[in-house]
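Try each task before reading its solution.

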Amino acid sequence: MSTVYASVASYAYDELKPKLFEMMRSMDMGAIAQGSRVLVKPNLLAPASPDKAMVTHPMVLRAVVEYVLEKGASIQVSDSPAMGSFQRVLKESGIRAALRDLDVEFQEFRSSVVADVGAPFHRIELARDALSAEVLINLPKLKTHSQMLLTLGVKNLFGCVVGYRKPQWHMRAGVDREMFGLLLYRIYSVVKPAFTILDGILAMEGQGPGRSGSPRHVGVVLGSTDAVALDVTASRMVGVDPLRVFTNLAAAKAGGMPHSIHVAGKLPTIENYALPRITPLVFGPRITRKHMRKYLIQRPVPNERLCTGCGECRRICPAGAILQDGKKLLFDYDCCIRCYCCIEVCPHGAMKAEVPPLGRVFNRLIQMTS
Ligand code: SF4
Ligand code: SF4
């Protein structure tokens, strides 16, 4: 049986800190020893202020760091942001300022080592610091994800794939969401965080996980030594069948789903949590998939009013599917693998996923006949 600790909370530090200390004490069981090296991996997706709900809140991170320091361990905070520099994310998120008086090292994931995550992926390069830490604490943010439905504890560890290797893996595995879910589950199994604490106080709903999503007050923090149990609990909390989340599905198929989950503490029920629009990514006979993908499956579309022509989307596109003529973006939807990296990195929320007209008709027909 796995235990998930739940605590109703706000970012008021005087209240949050004792709650997170109690949660950490319940899970710790001596794992954080004096002199040990602890690495904390928050969600530092992109430069954004805490009210955008894109990154782990500085107060959650501060409380966890204070707990570790009280144990006499050394602590490093690391991630590999999908966009923007690590230093800029620390500044704009308020994390640098919030932790200024604490003895903590901030270090972007830079060097990688090869790890074997098993078939069909086998060798994958993961952040050296994440694999060599004595204790890894995973600090995800509760957000919707237009490709994976929700991003929670298991998905957060994709940040251990360093820099531009991320879109390469999207290219290889992200065409098929089940396959990508399996990749994420395998990375989690290799990285093995000792604890996962989910910041679900100001969460994100709608077209997450970037600027197209909408902040939503949920007011809860979840913690567990088992990130899959935590992800299943968080999915249920927001009214989502856990097996609709591809990382949970992958865990279930790989035999990594806990037999039972005990929730200790108060878990709120969140009504009407807005999920992103997602359509099947790849289906039907292989020979027809290319055309189906082109005419039926949602694709990235820029909003010309919001687009500044900064080119971030073009630079990150792993398929080379975006061309730029001055400020105008041109898409090759035959090449586009629907990884949605361009939506995730756009600093102006100018890109969104839209179903083509034929796809909308098709979806309506499916709904009418189901
Ligand atoms: S869509 Fe976004 S990332 Fe792409 S060029 Fe426009 S503003 Fe930049
Ligand atoms: S255009 Fe966007 S969704 Fe398509 S492959 Fe490039 S980054 Fe991925």
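**Exercise 1: a covered helix**

Helix α8 holds these buried residues: R177, F180, G181, L182, L183, L184, Y185, R186, I187, Y188 and V191. Buried here means 20 or more other C-beta atoms within 10 Å of a residue's own, with C-beta atoms placed from the backbone; helices are DSSP runs of H or I, at least four residues, numbered from the N terminus.

A word on the source: this is a predicted model, in which local features need pLDDT of at least 70, side-chain atom pairs count only at pLDDT 80 or more, and totals for chains, interfaces and linings use all residues. Residues are numbered from 1 along each chain as its sequence is written, while chains are lettered from A and ligands numbered from 1 in the order in which they are written.

Task: find how many residues of α8 are buried, and check the span of α8.

Step 1. Of the 15 residues in α8, 11 are buried, so the helix is mostly covered.
Step 2. The expected span is 1.5 Å times one less than the number of residues. For residues 177-191 that gives 21 Å, and because the end C-alpha atoms are 21 Å apart, the two agree.
Step 3. Just past α8, K192 has a positive phi of about 50°.

**Exercise 2: two ligand shells**

Task: which residues come nearest to ligand 2, and which are closest to ligand 1?

Step 1. Ligand 2 has 13 residues around it (C-beta within 6 Å), the nearest being C317, A319, C336, C339 and C342.
Step 2. Ligand 1 is also surrounded by 13 residues, with C307, C310, E312, C313 and C346 the closest.

Terms used: Helix = DSSP H or I, 4+ residues; strand = E, 2+ residues; numbered from the N terminus. Buried ≥ 20, exposed ≤ 12 C-beta atoms within 10 Å, placed from the backbone.
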